Amino acid sequence: MDDISIQFEEVLRRHLRLTKPNAINYDMELAQLGLDSMTAVAVLLDMEKTFNIRFPDDMLVEGTFRTAQRLKEAVQLLRERQAS
Amino acid sequence: MTRPLPDASLGSEWTILELLARGIVDEPERQMVRDLLLTDTLNWGELLEQALRHKMVPMLAYNIISADLRFDIPTSIYQHLESALEWNRWQMEVFRRETVRVAQRLATRGIHFVVTKGIAFESTLYGGLGTRCMNDIDFMIAPRDREAVLSMMQELGFRPYFDWAKDPRREEISSRLNPDHLPKLMREIDRPGTRIINVDVANSLTWTKSPFDVPVEEALEDIVEQAVPGMPGVYLPCFRPIYQFLFTVLHLFREAWLQKFVDFGNDVSLMKFGDVIRLIDRDCDKLTDSELRRIMETHDITRPVAWVLRNLDDTFHTHTLKLLALEQRGEEGLLASQMQSSGYVRASGQSMRQRLQSKTRDSSRPVSPTRSGS
């Protein structure tokens with residue numbers, strides 16, 4: 001599977017308080033980077049469009065996007081499911 | 001109760017709707033509405049458009065018909081208003097029957113619930129005259145019953161749907177992430193005049209992660225029943241007056257502050273403020289009791305309640321803040337500091353009255369003129 005890091009981070013940067021040169025801390029809670037209930041919806045929608053995936057209902061929970069790492073893993077999982 | 005008549009600075013059309021929204025309580029108000037309706041310069045297009053925006057067409061129709069103005073206003077408009085009132089009454093009848101159908105099933109399953117908003121108000125606050133508009137039927141349940149109720153509603157022929165929203169997928173994700181309501185539910189009935197019935201089931205008095213809330217379980221602890229017009233012996237459970245008031249006010253607060261309601265064109269309206277005025281008029285003795293104050297302090301909701309009432313008083317020339325001894329509460333600055341999410345409406349220089357009248361709700365939350373920045 002392709003590395004999605006660049007596109008993934010671009011999506012996050014579109015919605016969160018991230019300055020371009022800063023590296024994204026994948027273990028930091030996204031809430032600390034400005035993710036609230038409205039931006040969470042926008043981020044998930046953008047991920048779906050960017051990676052042509054669809055989050056199933058059981059993944060539409062806070063745990064899926066608590067950190068960038070978790071969200072990236074979820075996106076990768078859905079891409080793999082789609083490819084298989 | 002005598003209240004100052006509204007100033008007509010926003011036009012005759014707007015003044016008529018303000019008077020009707022707060023409820024005609026005496027002869028000077030009745031006469032003012034009549035005089036304004038008979039003004040030569042009255043702009044019927046403006047009046048009808050604003051009545052539509054504020055879901056007040058049936059109420060306007062009822063007042064024109066009951067004032068016997070048939071031969072004093074344009075015939076085509078009179079006939080249309082007559083039809084609109086009749087249609088609303090029919091719709092109400094369909095809604096009542098469906099509400100009872102759902103309520104009976106909920107009761108059979110042992111679900112603790114109440115009906116709220118339009119279906120609770122139309123036969124009580126609005127006298128069952130068919131003047132209160134309703135888009136859907138509203139229920140309130142406890143969060144623990146969400147799955148059971150969703151499953152039961154599907155057995156009754158309802159299905160979740162998101163197509164009402166401009167971006168259905170956004171709404172679907174939002175609904176999952178913010179479980180203060182079940183997804184909107186619809187059932188096709190295909191009856192003349194009413195193709196579908198929408199049901200909205202809430203499980204919070206405000207919204208997910210709101211800084212202000214009252215536990216639903218507490219509000220459902222001690223409820224009352226109200227009769228259903230035209231269905232002898234049938235009753236629906238409702239909040240008792242204090243919780244009915246708190247829910248209605250907090251709901252209005254929610255719609256005033258959450259951007260998504262502005263985006264959807266469904267935020268504050270004259271009719272929603274009218275509900276609050278009528279509740280206070282009806283339940284004044286219960287709302288001035290110390291229990292209301294105790295509940296507001298226990299749940300730290302005094303500020304949003306006072307914010308709504310301050311805007312209500314500024315708009316409708318009522319004195320609800322004084323009545324409930326909340327004159328010193330509802331500070332805009334403190335509230336704004338608690339409402340910092342990107343989903344909340346930003347402050348503007350508009351008054352609530354201007355926001356209500358504005359046809360482009362692209363702007364934002366008004367800052368109360370008497371308390372801004374305090």
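Predicted model: local features only at pLDDT ≥ 70, side-chain atom pairs only at ≥ 80, totals over all residues.
## An aromatic cluster in chain B

W207(B) has a relative accessibility of 6%, so this residue counts as buried. Across all chains, a search of the whole structure finds 9 aromatic pairs. In one of these, the ring centres of W207(B) and F253(B) are 6.2 Å apart and the planes meet at 25°, so the pair is stacked. The two residues are 46 places apart: W207(B) is in the loop between β5 and α9 of chain B, and F253(B) is in helix α10 of chain B.

F253(B) is buried because its relative accessibility is 0%. F253(B) also pairs with W307(B); here the centres are 5.7 Å apart and the planes lie at 80°, so the arrangement is edge-to-face. W307(B) belongs to helix α14 of chain B and F253(B) to helix α10, so this pair ties together parts 54 residues apart in sequence. One aromatic cluster is formed by W207(B), F212(B), F253(B), W257(B) and W307(B).

## Helix α10

Helix α10 of chain B covers residues 241-257. Of the 17 residues in α10(B), 17 are buried.

## Salt bridges

Side chains of opposite charge can pair when their charged atoms come close. The whole structure has 36 salt bridges over all chains. One of them joins E155(B) and R109(B), at 2.5 Å from N to O. E155(B) is in helix α7 of chain B and R109(B) in the loop between α5 and β1, so the bridge ties together parts 46 residues apart in sequence. E155(B), at 46% relative accessibility, counts as partly exposed, as does R109(B) at 42%.

A salt bridge also links E291(B) and R240(B), with the closest N and O atoms 2.6 Å apart. E291(B) lies in helix α13 of chain B and R240(B) in the loop between β7 and α10, 51 residues apart. R240(B) counts as buried, at 18% relative accessibility. Within helix α13 of chain B, R293(B) and E297(B) are 4 residues apart, which means about one helical turn separates them; their salt bridge has its closest N and O atoms at 3.6 Å.

## A buried arginine without a salt bridge

R278(B) is located in helix α12 of chain B. R278(B) is buried but has no salt bridge, and the nearest side chain of opposite charge, D275(B), is 5.9 Å away. A polar atom of the R278(B) side chain lies 2.4 Å from the backbone oxygen of A21(B). Beyond its neighbours within four places in sequence, R278(B) has contacts that include L20(B), M59(B) and Y126(B).

Note on methods:
Residues numbered from 1 in each chain as written. Chains lettered and ligands numbered in written order. Heavy atoms only, no water. Buried < 20%, exposed > 50% of the residue type's maximum accessible area, 1.4 Å probe, protein only. Lys, Arg positive; Asp, Glu negative; His and termini not counted. Salt bridge = Lys/Arg side-chain N within 4 Å of Asp/Glu carboxyl O. Polar contact = N/O pair within 3.5 Å; in protein donor to acceptor, adjacent residues only side chain to side chain. Contact = heavy atoms within 4.5 Å. Expected span 1.5 Å × (residues − 1). Phe/Tyr/Trp six-rings, centres within 6.5 Å; stacked < 30°, edge-to-face > 60°.
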